[in-house]
Amino acid sequence: MYQYTEFDQAFVRSRAAQFRDQLERWQTGKISEDEFRPLRLQNGWYVQRYAPMLRVAVPYGEISSAQFRVLARIAREYDEPEAELYKQALETQGQLGTTYLPTHYAHFTTRTNVQFNWIPLSKSADVMDLLASVSMHGIQTSGNCIRNTTTDERAGVAIDEIVDPRPYAEILRQWTTLHPEFAFLPRKFKIAVTGAKEDRAATGWHDVGLHVIKNEAGEVGFRVFVGGGMGRTPMIGIKIREFLPWNQIMNYIEAIVRVYNRYGRRDNKYKARIKILVKSEGQSYIDDVEEEYRQIVEIDGGPHTVPQAELDRVAAFFVEPAIARRSAAELDQDLARLQELRAADAAFDRWVDKNAELHKNPALRAVKLSFKRVGQAPGDASADQLDAVAALLDRFSAGEARITHDQNVLLPWVPVGQLHALWQAARELGLASTNVHLLTDMIACPGGDFCALANARSLPIAEAITQRYQDLDELDDLGEINLHISGCINSCGHHHSGHIGILGVDKDGKEWYQVTLGGADGSALSGHAVAGKVIGPSFSAAEVPDVIEAVLTTYRDLRESGETFIAAVRRVGLDPFKAAGNAARFKAEEAVS
């Protein structure tokens, strides 16, 4: 895991001190609300439906136990709204029928960041100081800039990995941070990078998607995709370079962003993303990028060419931690004992099968803790749970974890001989559910319960579906299904890429939901990235669980032996599922009448 240098640490501390000065000047009236707004946003401080929201950067998902403990302290001591404000929020939500407004919690996002929903701005500078103490911050988690670079949750440990993408992600993080050309883009800009055969980073859905590969000569480089994105106009990135030498990646991204900065729409925020420019200009955009890149390299001398020494310096941080090595005989004993324990306990056997992935090192496993439970929103963690996870990291995973795209936590360095002990500890914490990759392992944004942009609430829908599908045998029978829920068209819940997607919409001032089927993120299960298609008219909140059940019943009736949900949808088409959804709606309407 990358360790901040003295320069990095001083930079983050000075940024926190700068923010404290900005906050104090705003509080004393020396700068206006309009002047303060961009300053707080540049440090990750939003003002949402009821209170401020802080977004903390977790670059490419890697996080230490020490950082988890500081996040726990922030949740416990600072994530608490003013009493009157919270009372008003509860009353408002109560009028809508359900309430989900927990305090002293953190929330894991699909971009592997961490959010807090109730920290008063009056305490924000203290929080920034705490974050800086463990090399954390909120820089570029907001604004029209290059946001947090994401990658494969199993980067560095996956058995199908060609090249570890983390050193490149870290170099990109350092280079893009406060880069003046990237600070005022037409719209926000997101980069994802993967180095494995399977795309677990959803690269096709990003402004820039990077695949670290090796050519026939064994040389490392990047396959480059541009123009992906969700929102009102979902698009999949197009390939613009089959092989770019690894040391040219910053020069090439500079060319990509310069052309975007030059021609991207600034008159309409809905048409300002790079995907719109790529779609409208096509080959002309690619030609402009190549010409810009040529000038950067040939005329400017390639100022951002990455030296081998710098790659070596950064890569040295991303080595397997000093976990006690096992001899071949000892490993055989560990594996034999593991098989005995699995044979003796069906629950443990299921957990190993669902939650523990094979590892480059055969003596280790990458283990996922599920943060999808009844009574808590997907990706939510209380202060006590954050502290407990920190303890698990120190005991079982060399003090390191990964926050995942699907809002869970991965322990990447678990010895085979400690799997049973980890399972027991995680089960006591309620984090050992074996629903990973199944229906209830859903992605959901905070929606209208917190977000001022949302048209509808996501969390009550997620909770209703989770409660309905608690039978693990039923979930296993349904098989792997990606269910994604967004509270508005901004698509923070990535509904476009869900096998089943749910989108909250406003209809005459009321909450309604569109259901889409057939979306994919590009993983091995889903196949190539594609946006789902809407089935029928929008549904009321009360109808959505019945519609989902009808869709799943149709799948069970129509599937062939061993066929997954997404494969069945692609084979039979949408019509049977549309009919089932509409029938469920009519049945619900008749019951009400």
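1. The charged end of Arg 427 lies over the ring of Trp 423, at 3.9 Å from the ring centre. The model is a predicted one, and the values given here are to be read accordingly. A second contact of this kind involves Arg 232, whose charged end sits over the ring of Tyr 270 at 4.0 Å from the centre.

2. For the assignment, buried means under 20% relative accessible area.

3. Tyr 4 is found in the segment that precedes α1. With a relative accessible area of 15%, Tyr 4 is also buried, since the cut-off for that class is under 20%. The C-alpha atoms of Tyr 4 and Ser 382 are separated by 27 Å, and these residues are 378 residues apart along the chain.

4. An open sheet of five strands has the order β6-β7-β8-β9-β10, and its pairing is mixed. Its edge strands are β6 (150-151) and β10 (238-245), each of which pairs on one side only. Strand β6 runs parallel to strand β7 (residues 191-194), to which two bridges join it. Within this pairing, Thr 151 stands opposite Val 193 of β7.

5. How many of the eight residues of strand β18 are buried? Six of them are, so the strand (residues 500-507) is largely enclosed by the rest of the structure. Strand β17 (residues 483-486) pairs with β18 in the parallel sense over four bridges, and Ile 485 stands opposite Ile 502 in β18.

6. Strand β18 also pairs with strand β19 (residues 510-517); these two run antiparallel and are joined by eight bridges. Lys 507 has Lys 510 of β19 as its bridge partner. The two strands form a hairpin with two residues between them, and Asp 508 in the turn has a positive phi of about 55°. In general terms, strands of a sheet pair through backbone hydrogen bonds, in either a parallel or an antiparallel sense.

7. The largest cavity holds about 130 Å³ of space. Of the 13 residues lining this largest cavity, the closest to its centre are Ile 139, Arg 147, Asn 148, Arg 173 and Thr 177. By class, the lining of the largest cavity divides into four nonpolar, seven polar and two charged residues.

Definitions and conventions:
Residues numbered from 1 in each chain as written. Predicted model: local features only at pLDDT ≥ 70, side-chain atom pairs only at ≥ 80, totals over all residues. Heavy atoms only, no water. Buried < 20%, exposed > 50% of the residue type's maximum accessible area, 1.4 Å probe, protein only. Pairing = 2+ DSSP bridges. 1 Å grid on protein atoms, 1.4 Å probe; cavity = no way out; pocket = protein on both sides within 12 Å on 5 of 7 lines; lining within 4 Å. Points joined across faces, edges and corners; volume = space filled by probe spheres on them. Nonpolar A, V, L, I, M, F, W, Y, C, P; charged D, E, K, R; others polar. Lys NZ or Arg CZ within 6 Å of the ring centre and 35° of its normal.
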